[in-house]
Amino acid sequence: MDNVTVFPDRDSFVAGCADTIAHIAVTAIAERGVCTLALAGGNTPRSIYEFLARTAHTRGVDWTKVQFYFGDERCVPPDDVRSNYRMARETLLDHVPASPDHVHRMRGETDPALAALDYELLLQRVFRTAQPPMFDLICLGMGDNGHTASLFPGTAVLREQTRWVAPQYVEVMQTWRVTFTLPLLNAARNIVFLVEGAGKAAMLRRVLAGPYDPDVLPAQLIQPVHGQLHWLVDVAAAAQLKGTA
Ligand code: 6PG
């Protein structure tokens, strides 16, 4: 699999992911004067964002030229420990010279449908396009059940072909989420999956080397139309990929 990079240990995984994000940001800023970056939520990104905050300036990242977005959000207040925005603020945004009006959080504290609509209208205003905008980089995680962003198995949002941002009640977690949809995700210039840990090994093999079963394995639906897809994984998560194509 040519778009899968396996890192031998946790430190190299964290540094490698941070360097990849920094490189894409520097390239985007050099080419277009801005980097539109959608951050992933969950736990895996924590150490990556912290490393990025400490080192990206040494890789030439001009944080004042990065526009920060979120690929999904839990429907909780921004100071809630479950908030993806809070996680990103604590690990990255509070530690780099990001302009506050360049940080665009999903309003998880409001009605999910309104939050999704607000965010979609923001994207329409900022990108001034009727087609799904091309983010320079969308970071994604992968759950051990094959979900990514807030695209969970068996949910209606997997079939959304028009909206760019949608609300979705996730029965298995008994919670509302707001998420980028596949038309928006797959329009990206770069998508980077950040996957670590033995707990993801079986699912990573199913997603990358198993039968195509997207309603069960939503991460298989991430197929950038024109962009690049990168899987950045540690050796533990890649343990069951040996012997696959
Ligand atoms: C979220 C994320 C979600 C996450 C995966 C992996 O809001 O939870 O967007 O898609 O990336 O669940 O989470 P971990 O990195 O914590 O394993």
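Which side chain meets that of Arg32 in a salt bridge, and at what N to O distance?

A: The partner is Glu31: its side chain and that of Arg32 form a salt bridge with an N to O distance of 2.9 Å (a side-chain nitrogen of Lys or Arg within 4 Å of a carboxyl oxygen of Asp or Glu). The model is predicted, so local features need pLDDT of at least 70 and side-chain atom pairs pLDDT 80 or more, while totals for chains, interfaces and linings use all residues. Residues are numbered from 1 along each chain as its sequence is written, and side-chain values use heavy atoms, without hydrogens and water.

Side chains of opposite charge can pair when their charged atoms come close. Arg32 is partly exposed, at 35% relative accessible area, whereas Glu31 is exposed at 54% (buried is under 20%, exposed over 50%, partly exposed in between; 1.4 Å probe, protein chains only). The whole structure holds 15 salt bridges. Another is formed by the side chains of Glu90 and Arg86, at 2.7 Å from N to O.

Charged residues also occur around the ligand, where the shell has four of them, along with nine polar and two nonpolar residues (Asp, Glu, Lys and Arg count as charged; Ala, Val, Leu, Ile, Met, Phe, Trp, Tyr, Cys and Pro as nonpolar; the others, Gly among them, as polar). A polar side-chain atom of Arg177 is 3.3 Å from a ligand oxygen. Thr44 places a polar side-chain atom 2.6 Å from an oxygen of the ligand, and a polar backbone atom of Ala149 also lies 2.6 Å from a ligand oxygen.

How values were computed. Polar contact = N/O pair within 3.5 Å; in protein donor to acceptor, adjacent residues only side chain to side chain.
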